[in-house]
There are 2 protein chains.
Amino acid sequence: MPPRHPDSAAPARRTRATGRVTLADVAREAGVSPITVSRALRGERAVAKELCERVQAAATALGYVPDPAARALASARSSHVAVLIPKLSNTLFVELLDAVQTSLVPAGYQTLIGVTHYDAGEEEAVLRSFLAHRPAGLIVTGRDRSPAATAMIEGSGVPCVHVMEVLAEPGSHSVGFSQRDAGRAITQHLLDGGRRHIAYVAAQLDPRTLERGEGYADALAQAGLGERVHKLLSPEPSSMALGGEMLARVLREAPDTDAIFFCNDDLAQGALLAALRLGVDVPRRVAIAGFNDLPGSDQMLPPLTTVATPRREIGEQAAQMLMKLMRGEAVEQPNVDLGFQVVKRASA
Amino acid sequence: MPPRHPDSAAPARRTRATGRVTLADVAREAGVSPITVSRALRGERAVAKELCERVQAAATALGYVPDPAARALASARSSHVAVLIPKLSNTLFVELLDAVQTSLVPAGYQTLIGVTHYDAGEEEAVLRSFLAHRPAGLIVTGRDRSPAATAMIEGSGVPCVHVMEVLAEPGSHSVGFSQRDAGRAITQHLLDGGRRHIAYVAAQLDPRTLERGEGYADALAQAGLGERVHKLLSPEPSSMALGGEMLARVLREAPDTDAIFFCNDDLAQGALLAALRLGVDVPRRVAIAGFNDLPGSDQMLPPLTTVATPRREIGEQAAQMLMKLMRGEAVEQPNVDLGFQVVKRASA
DNA sequence: CTGAAAGCGCTTACAG
DNA sequence: CTGAAAGCGCTTACAG
């Protein structure tokens, strides 16, 4: 056996080396101190240009990748952004998430997804667990959460942007649109088409769904049809099958109905398909309108009239706003209304 | 002004205290050493029962929440599980993700989602960034990745479970089903129904889609219809609108076609709707079959015949298997085949 | 079964 | 503009 290398005869060091290339390695390679490397790599100013380049070169040469855990521990702030959404089964939220992620990932942030299932307890648990990770930022859906959850967010000091609704509270940050105005607009479209017995059919019943229902009632009241308000609300999760069932139920219980505004496109798509099965003529017998303009709505027979909502733009702009907040920059417009669009197709 | 508290006269300590309740606080409260607290809370054996309870009580009393960053830094392993999926716009992957998350979160793991957009470069970039976080585990879709990405995974030593396909390589871990067998089975169903001019229509063209196409060709060959293989493959992303277009194209270019197997239900749903618009009688003129049994397929007119795939079970079992691997436990069956089910409805 | 010491890989807060 | 020291809050590796 060849003699062992002299070093191995040295007193065993208590080493837990992970084999990673560290900041110290880069510093040694570049011939500067670790702090200078840290600053140069983060682009923190006050590092001489020449040193900066030397550090960059060394980091590249060694294939250095910063350790997020060490960074988080030292700075008391991670590179995570926690995103809280109610459900993954609603395409709307998946698209929102996709847009947020697309904006955040290239900037070096990691998205942590929390699904709350519209449940206050679950939301608090998720929030508690996320906050332990000291996220750099938070994106939450709407304002529908328990006082406890709200207190946790505020107490954490973590920058937070609300999405889907536009808030007005001082100090709040939000990107969305007026659910109520949107509900009113699509109802107005139905009224403009001569409909006078318009029902509002909703499921899931989250706050936004209820706001759309208020917009619906506003429009009827404004048209002098206040006593015609007819809401069919189901706490069940939204689905195409449920939409079909609710269509049948409305037509049975209120045969006068000449138009239905469904709170979400999946219900409306299901209703359209059920109408086809049942031989109900849409829009002649009953006009059908949806909400959100989800995938497939333009393919229905007849194509679904609905409200297009800018969830991708909401996700992008919320991410941009949050990045400003995380960098400590000023946000000139803290509550952004991105509007919506009534999409007139053949079903109403 | 009242005299300041004596303590504040002490030489300014260089403190960066975050205000968090730490392990040390719990140790002090319980009257034991921090290591004991660490061990008791992690459930690592070799802690006296009495001490264990004392520690638990102290932790609860102080509202202690472990710091994941410190934990990750000290143990060289985070509580993150990275999940790589191709797209968020395919419901299939969202459901898979949902199932994984539902299993992992209660066990204390955080899910990090990486969307690869079926792009090797993006997958490598995402992987590199995730691996820097020293994830405790990895879940990846299929075996479709570059050699570089595969090398990164293996080199990292992070436990990894593949989903959607069943692998056979020694040392691999996977939960899925045979895409090829499934493609063969649904084609066989079409053959059993007397169809003899069956086309396979696919988009996106990921490896699983191609495997289904091979299963389709297998079935035809076995029926002595090898020369009738007719594949229409589009690299475009899958969508309902595309399904409608492809239906029209097949019927125009190959009027003999009496059945179409679409590689995914969104295409098939679009085809069904297009058939309705065009007045094409399904299944009389042409039978239509899909794949995955996505939401809405049972609501179509006619209801869509398809292959139900167990993505939720795949997600759950992959999570369970991964947890075993992360705990260093043995996995008795490393490659699990969960099968599939041909769902016979009215469209074929 | 329990603990004192060291270390994980960074950044903060001071100095100069 | 640059650096030496300390510390972030845990766990590992040794001892006893």
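Helices α6 (residues 120-132) and α7 (residues 147-156) of chain A have axes that come within 9 Å and cross at roughly 15 degrees. Axes here are lines fitted to C-alpha atoms, for helices over the stretch in contact, with angles from 0 to 180 degrees between N-to-C directions. Helices are DSSP runs of H or I, at least four residues, and strands are runs of E, at least two, numbered from the N terminus. The crossing angle makes α6(A) roughly parallel to α7(A), a label for angles under 35 degrees.

This is a predicted model: local features need pLDDT of at least 70, side-chain atom pairs count only at pLDDT 80 or more, and totals for chains, interfaces and linings use all residues. Residues are numbered from 1 along each chain as its sequence is written, and chains are lettered from A and ligands numbered from 1 in the order written.

Look at the residues between the helices. From α6(A), A120(A), E123(A), E124(A), L127(A), R128(A) and L131(A) meet A148(A), A149(A), M152(A), I153(A) and S156(A) of α7(A). Contact means C-beta atoms, placed from the backbone, within 7 Å.

Now take both chains. A rotation of 180 degrees with 0.0 Å of shift along its axis superposes chain B on chain A, with an RMSD of 0.1 Å. In chain B, A69(B) has the C-alpha nearest the axis, 2.3 Å away.

The contact takes 35 residues from chain B and 35 residues from chain A. On the chain B side, elements giving two or more residues include α4 (68-75) and β2 (110-115).

Definitions and conventions
Least-squares fit on C-alpha atoms with pLDDT ≥ 70 in both. Contact = placed C-beta atoms within 7 Å. Parallel < 35°, antiparallel > 145°, perpendicular 65-115°, else oblique.
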